[in-house]
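Please read these notes with the structure open beside you.

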Amino acid sequence: MLTETQLHDLLEQMNLEEKIGMVHGDEIFRTKGVKRLNIPPLRMSDGPMGVRREFLGKTWGWHIKGDDMVSYFPSNSALAATWNTEHAYLFGRALGAEARSRNKDVILAPGINIIRSPLCGRNFEYMSEDPYLIKKMAVPLIKGIQENDVAACVKHFAVNNQETDRLKVNVEADERSMEEIYFPGFKAAVQEGKSKTIMAAYNRLRGDYCCESTYLLQEVLRKRWGFEGVIISDWNACHSTEKAARAGLDIEMAVYTDFDKYYFADNLYNMVSSGEIPEEIVDEKVMHILKLMNELNMLDGTRQTGERNTIEHQVYTLKTAEESIVLLKNEKNILPLDARKIKSLAIVGENAIIAHSEGGGSAEIKALYEHTPFTGISMYLGGACEIGYARGYTSDENADRHVRFDLREEAKRIASAYETVIFVGGLNHRHDVEGKDRTEYQLPYEQDELIKELWCINENLVVVNMSGTAVDLKVASECSRALLQTWYNGMEGGRALANILFGDANPSGKLPFTFAKELTDYSSHSIGEFPGVKDVNYTESIYVGYRHFDARDIAPMYAFGYGLSYTEYKYSNIKADVKKDSVIVSCDVENTGNADGREAVQLYIHDKVSEENRPIKELKGFEKIDLKMGESKSVQFTLLRDDFSYFNSTKGRWVMEAGEFDILIGASSDDIRLETTVEIKNI
Ligand code: BGC
């Protein structure tokens, strides 16, 4: 590693042209290095589900060699559904290792924007509607990535919560919602995860593009949070030379290939040469980049080489995928299916057979392989049972009515001829996609009608919804014996699903966002502020996700934190001990059912009296614990002053108001099993 003085010496030796080369894209995914000083270019790649395919660089043409195939990891929404911070760490470590083995310096992940509406096209790349869950998962993920001499690039800072008009839309959000909802994930990513880079988003906030927002980049990020890393623009998110340069953007990246025309290219060079912009501003950016390169061992020393497509990454992917699947309903314990007894099985639905890794936008990857639900189930059963398949519906928008009718008839025929039916439907990357939002909450391709028809024919119907976001599950829930939520679950997704269906793995995923009955039950939709065109006003303030459902007493279809298991857990013995500077809460959880399992125990707080309204519940702790049949464990949580505080809008700062707080422990946000009250004077 070079010393600070050596880095300054390096900067001293650079001429303006060389400095400018480092602060803008010289290829689509890299900047220019300075050969004569042994400074390499900074090489970046998407993204959250694996390292993206290789582009030629000077153009968007594809690299045709096959050596850019990689592990396809579960999407961020899947990861969040595990509620397992250890998985987040392993995920990061594997993603970082694959990025390094593809010779990347920065991996453009994780995506941690708040899920404000189920219709946002990129929700699958994000984690949750809850800032606490996001922060707890993002921090270990970032640490894992960065153990590989690769920088994480946490994105998209900030309030990039819709795809409609994403390049221009202006968000108006009050300070309290920024502090309590939209900032905590990023703040923790920077302060606890030590993310070395951050991506400034496309949209505007309070009139300013994020890349030009002195408030976001200087005031919040650099001054309040002490961020010392590199601020990179989203691709085409920079709209000016001077304003963005002065606001603190370090690197401008874009999608067009006229690299000298970037705002931070010739234009910046000319403005600095003519004295309109002081050279120190560019120096500061270059220093941020040099420090980053130094920390990644790019300037000196030995650098890790990473690894990809290893068995370890595959095993790990399988475990995460298993743990992400959420059991929503299991009437008469139809699941797990008994592979020894089952004689014939019909699999219906397009999502049983199509691969998803190559879709979604910048999150696409060239997967080494991808086990679909159909291959996963077939591999599991190993020929021991007769399997029938019917597509049932098609996502082909050009298919005419006859084709659709025939597909449906075939599915009905199969459903009547086989003992059990597994329907695998949901969305795909035409819906869960970058650049556009969904327009309907309902399942597409008339899947609800198909599910109803299958249900009339065969009551041994298991419905599996695959999506990266919440969808309308009313019909799927009514017309099925069992209902599972799965995700774009990586290369082992199909095998993970089979392991859950046949009981080799016990479901322990919990929903990281609320599944509402109606679209208008979500706050952003109830106020008509999704999607915004030109402007969007977050007048729901902090009432996003379950905070809103609780406040308005709206029963969701499936609540935040919800998920069943093949066993039962009994919660008891809550204790809360108020210490000098913390509150220690504990409870016992016992596995009282007939299978070994894992439970995500959740802790929420409720402030009984406060100067300003506070949510009925706020997640402030969770623990994922292993419990063998009959086993009981004590779970402990430590709550600090921050956990009881809120951002008081009148005072313009975080406050902890002394008084009584309820501590709620449960299996989901609407299944609180234990409750106690503590009086907090001033911890
Ligand atoms: C996306 C980013 C991505 C970048 C580079 C943009 O369109 O918003 O998330 O990292 O492209 O591909």
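This is a predicted model: local features need pLDDT of at least 70, side-chain atom pairs count only at pLDDT 80 or more; totals for chains, interfaces and linings use all residues.

1. Residues are numbered from 1 along each chain as its sequence is written, and side-chain values use heavy atoms, with hydrogens and water left out.

2. An open sheet has 3 strands in the order S18-S19-S22, paired antiparallel. Strands are DSSP runs of E, at least two residues, and helices runs of H or I, at least four, numbered from the N terminus; two strands pair if DSSP finds at least two bridges between them. S18 (569-578) and S22 (632-639) are the edge strands with a single partner each, so one side of each has no neighbour in the sheet. S19 (residues 583-591) is joined to S22 by 8 bridges, and Cys587 stands opposite Val635 in S22.

3. Trp487 and Phe513 form an edge-to-face aromatic pair, 5.8 Å centre to centre with 90 degrees between the planes. Rings of Phe, Tyr and Trp (its six-membered ring) pair if their centres lie within 6.5 Å; planes under 30 degrees apart are stacked, over 60 edge-to-face, the rest tilted. Both Trp487 and Phe513 are buried, meaning under 20% relative accessible area (1.4 Å probe, protein chains only).

4. Arg204 lies over the face of Tyr209, 4.4 Å from the ring centre. The charged end of Arg206 sits over the ring of Tyr215, 4.9 Å from its centre. The rule asks for NZ of Lys or CZ of Arg within 6 Å of the ring centre and within 35 degrees of the ring normal.

Definitions and conventions
Buried means under 20% relative accessible area, exposed over 50%, partly exposed in between (1.4 Å probe, protein chains only).
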